[in-house]
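Hello,

Here is the structure I said I would pass on. My notes follow below it.

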Amino acid sequence: MDNSNDEFEPLFDYTRVQPASVICLDDDLDGTPDFASKKRRISDTTDEKKQDVNSKDVKVIDCGGKEEEEEDWLPPPPKNLDADSKSIGEDSTLKALRLERQELASFARSADDVVRAVEESVRKDLSASLQSSPKSVAKQPVEPQRERAKLVISIQDKDELKQFRVYMSCILKLIQADDKFERLFKIYADKTNLDVKNLVFCFDGDKVTPDQTPTSLGMEESDILEVHVKSS
Amino acid sequence: MSGGIARGRLTEERKSWRKNHPHGFVAKPETLPEGTVNLMVWHCTIPGKAGVAYELTLIVLLFVFGWHIYLIMGALQTDWEGGYYPLTMQFSEDYPSKPPKCKFPQGFFHPNVYPSGTVCLSILNEDSGWRPAITVKQILVGIQDLLDTPNPQDPAQTEGYHMFIQDPVEYKKRVRQQAKQYPPLV
């Protein structure tokens, strides 16, 4: 009995600590639940108490409903009330949630362990490769030269407004400057589902043949190849 | 020194053109027979505007205004499509304070092109629309626009102007005929 009353006290505190501007409204609204609670406190039977809880709930929710139209910050109290009345049910769900959280935490720990193990293995590999340095030194001078020879060339479609961006992302190719265009043409045709025979590639207004290379055309970084689709 | 400014600017223009330019357009400095590049003369190609843009606006307008708009839009479709028109740009040592001279082939059919082939366009006129900030790309796109939308206030040749004013049907026929004279280079 006392406990249940205690549970509802916060509600009344909420309504009493309202800003001065809303006082007239609150007086009306406070009045009804107060009267109701006093009346029902007099009749002290457990069954009625339960009804009290329900009826108070309903009335408070009604107040909330009225005030929701005028004030935004009042709805929380009725929700808290509901939560209090369902506290037993929520306790079990809270316990379940805590359990889940613990499980997840342990899971994360195990994942961390895995990551650490991988890092360690990578370090071992690295140190092993560093130890075999004579071989890697021989390889390294070759690779930078290849990188220098690479060119980024974009292929521009007729409907550039719509498709240019898409093509930019998927067709942008790092091609080696000594590669023949044949390979790039094939890749482009595959991506666009078009026949290579129907595609004409142009650079600076001149047709590009499959056996030409970027270097033979004097192409530079981020130059544009234009694609024309033959209407056949 | 001014020549240095012109060449520096043209080098930059060429660099930015290579990285990005509208589809179908060509603009490259002249290569002399001995292999040297002459930055002061550029050989360009301007493609006739395709009707695609109109088709798209048409679809939008159909939703807004209904089917009768189709007739109006149909009349607006470009007859220049399919042609790739050669244009020569001649830059002076005073570029970019003075605009380049832009020339189509002699006798090019268009109300705003002089019989010599020189294009008459406000942004190419030192005394009216030219600003040093206008790029080669903007000039070429501007001329492409002019092809499709001639300016009858500023005629440069009698034949094209009279036909455009007096006989729109014959004008369209003539423009389509000219588009076939300049097929794609590839």
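**The sheet in chain B**

Chain B holds an open sheet of four strands in the order S1-S2-S3-S4, with antiparallel pairing. Strands here are DSSP runs of E with at least two residues, helices are runs of H or I with at least four, and both are numbered from the N terminus; two strands pair if DSSP finds at least two bridges between them. Strands S1 (26-31) and S4 (101-103) of chain B are at the edges with a single partner strand each, so one side of each has no neighbour in the sheet. On average, neighbouring strands of this sheet are turned by 30° against each other, direction ignored.

This is a predicted model: local features need pLDDT of at least 70 and side-chain atom pairs pLDDT 80 or more, while totals for chains, interfaces and linings use all residues. Residues are numbered from 1 along each chain as its sequence is written, and chains are lettered from A and ligands numbered from 1 in the order in which they are written.

In chain B, S2 (residues 37-47) and S3 (residues 84-90) run antiparallel and are joined by seven bridges. His43(B) stands opposite Thr88(B) in S3(B). Helix H4 (residues 136-148) of chain B packs on the sheet and touches S1, S2, S3 and S4 of chain B. Contact means C-beta atoms, placed from the backbone, within 7 Å. The direction of H4 makes about 35° with that of S2(B); axes are lines fitted to C-alpha atoms, for helices over the stretch in contact, and angles run from 0 to 180 degrees between N-to-C directions.

Regards

Technical notes
Contact = placed C-beta atoms within 7 Å.
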